[in-house]
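User: I would like to go through this structure and see how its descriptions follow from the definitions behind them. Please begin with the helices and the sheet.

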Amino acid sequence: MLKKLTIQNYALIGTLDMELPKGLVIITGETGAGKSILLGALGLLLGAKCDLSVLKDQSKNCVVEGEFDVSGCRLDLDDICGPAQEIVLRRVISPSGRSRAFINDEPVSLGLLQEISGRLIDVHAQHQHLLLADKSYQLSVLDYFAGAGELLDKYREVNAALHKAEHLLKQMEEQVSANAKEEDYKRFQLARLEEAQLASGEMEELEIEHGQLANAEEIKGALGASLELLQPMGTSIVQNLKDAAHLLGKCYTFVPELEGIVGRLESCRIECKDIEQELARLEEGVVVSPQRLECVEERIGQLEELLKRYGCSSIDELISQRDALKAELERAEHSADDLEGQRKRVAELQSEREALAGQLTQMRSSRTGQLGSVLKESIRNLGMPHAEFAVELAQSDRYSETGRDDVKFMFAANGGSKLVEISKVASGGELSRIMLCLKELMANYTGMPTMIFDEIDTGVSGSIADKMGELIGRMGHNMQVIAITHLPQIAVKGETHLLVYKEFDSQMQAHTYLKRLNRDERIMEVARMLSGAQLSEAAIENAKFLLK
């Protein structure tokens with residue numbers, strides 16, 4: 001339950017500390033005193049957006065803090081904030097518009113603040129009874145009553161997974177279709193590149209060979225002539241160098257300098273012999289072959305044509321393009337296999353969703369009659385003794401976020417009337433009473449610790465208001481109920497009565513305050529609600545009687 005609410009710098013509130021006990025707490029005040037301001041500030045704890053215009057002092061932060069007692073709470077909060085007896089929620093709005101949220105002084109996301117506060121407080125704002133005409137709200141009531149929450153979560157999980165799988169399937173089908181359109185052309189390209197039997201560095205080797213073949217006769221002639229020059233007049237220069245070294249070798253004992261010359265001659269002989277052998281090998285290797293030259297030129301032309309066709313500058317780039325085409329075609333083959341797998345996945349999820357939707361329908365159908373009976377009895381106790389209420393469930397031909405069921409709340413204020421959809425026949429006062437009955441029912445099933453009613457008594461008066469007050473009072477026995485009301489019949493039901501009032505300072509600036517009324521003050525406030533600005537003795541006596 002909400003133990004304490006602190007508000008700073010919000011609208012007409014400078015600083016307000018509001019301690020709230022268990023049971024039913026009544027809040028009253030004249031129109032414009034600031035009752036709606038309290039709910040607006042509380043809305044910040046529930047994650048509502050904040051308009052900077054509500055900052056009373058535009059140079060200071062707006063702070064709203066709520067202290068909650070969660071001991072004995074049936075709601076499972078351990079997964080969010082751990083085991084605790086108390087939880088403090090705080091929202092801070094800076095003049096720059098920055099919003100910060102805290103739980104037990106630890107900064108948290110606004111989404112987490114909303115999740116926790118949504119488990120602790122349910123606020124019934126003015127005109128919320130119009131939700132009764134909303135089919136999704138009607139279905140949520142039935143699901144709460146039927147205990148279908150866990151099954152509905154499972155259905156939504158599968159439904160979301162199905163939508164995701166169907167989206168992926170569509171993308172895969174589009175990709176496979178695109179692949180199929182290009183497959184023949186890509187296979188033709190790949191076949192041509194594979195047929196070319198590309199090899200890295202081949203073009204460079206071919207160009208060298210082409211140069212040799214194109215100039216083979218000239219090369220062969222140059223090599224032959226060079227060999228002849230190494231054997232002038234039929235005598236080998238190599239042999240001459242050998243003979244000279246031999247002759248000088250006999251004399252260097254007498255002329256020591258000749259030893260070095262002999263060594264140099266021997267080096268020249270070895271080098272000349274090596275050159276002679278290399279030239280002979282090269283001459284022998286030079287082939288004059290017009291046929292081979294034609295083959296090389298044809299191969300070079302083939303490769304150049306491929307380079308031009310595929311926009312490449314080297315054989316290595318052509319090889320990369322060939323490998324890329326091969327990989328694309330292999331992926332396309334795998335895509336077709338993956339597509340079949342995805343179709344099976346979609347079919348499995350569709351089957352699972354259908355089964356879960358069927359379970360939801362069965363669970364809901366089993367409780368529609370009981371929900372209608374419970375609400376009918378509750379409504380009849382609020383001044384509609386002949387009212388009829390029923391819940392109708394029909395299956396739709398489409399799946400939604402909540403299954404395949406459409407629900408209708410059917411109502412007749414008088415027993416002899418035909419049941420009609422509630423939004424078409426119920427008056428504002430009747431809707432308020434029906435909504436209160438629903439709130440009581442849902443509070444019992446959800447274990448909500450605190451419920452706030454903002455003038456749920458709209459459109460009712462007299463004995464009906466008294467009966468609504470009794471119902472709200474009964475709710476206060478099991479939970480904390482805070483009721484903002486303008487009806488004395490409801491105001492007298494609470495154990496605690498708070499008055500919202502407005503005062504002006506010397507600068508004629510309005511300020512909203514809150515005070516807890518004692519017995520005498522409460523009598524006067526109820527009398528004011530009975531008679532207006534001019535209090536009469538009759539109103540005061542009537543107030544005393546009601547407060548008994």
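Analyst: Helix 3 (residues 110–120) lies across strand 8 and strand 12, and its direction makes about 75° with strand 8. The model is predicted, so local features need pLDDT of at least 70 and side-chain atom pairs count only at pLDDT 80 or more, while totals for chains, interfaces and linings use all residues. Residues are numbered from 1 along each chain as its sequence is written, and side-chain values use heavy atoms, without hydrogens or water.

User: What makes helix 16 a helix that packs on the sheet?

Analyst: Helix 16 (residues 519–531) touches strand 3 (24–28), strand 14 (496–504) and strand 15, where contact means heavy atoms within 4.5 Å. Its direction makes about 75° with that of strand 14, on a scale from 0 to 180 degrees between N-to-C directions of axes fitted to C-alpha atoms, for helices over the stretch in contact.

User: How do you know that strand 12 and strand 13 pair?

Analyst: Two strands pair if DSSP finds at least two bridges between them; strand 12 (residues 450–454) and strand 13 (residues 480–484) have 5 bridges, in the parallel sense, and therefore meet that rule. Within this pairing, Asp 454 stands opposite Ile 484 in strand 13.

User: Why is the charged end of Arg 90 said to sit over the ring of Phe 102?

Analyst: The rule asks for NZ of Lys or CZ of Arg within 6 Å of the ring centre and within 35 degrees of the ring normal. The charged end of Arg 90 is 4.5 Å from the centre of the Phe 102 ring, and that of Arg 404 is 4.9 Å from the centre of the Tyr 399 ring.

Key. Helix = DSSP H or I, 4+ residues; strand = E, 2+ residues; numbered from the N terminus.
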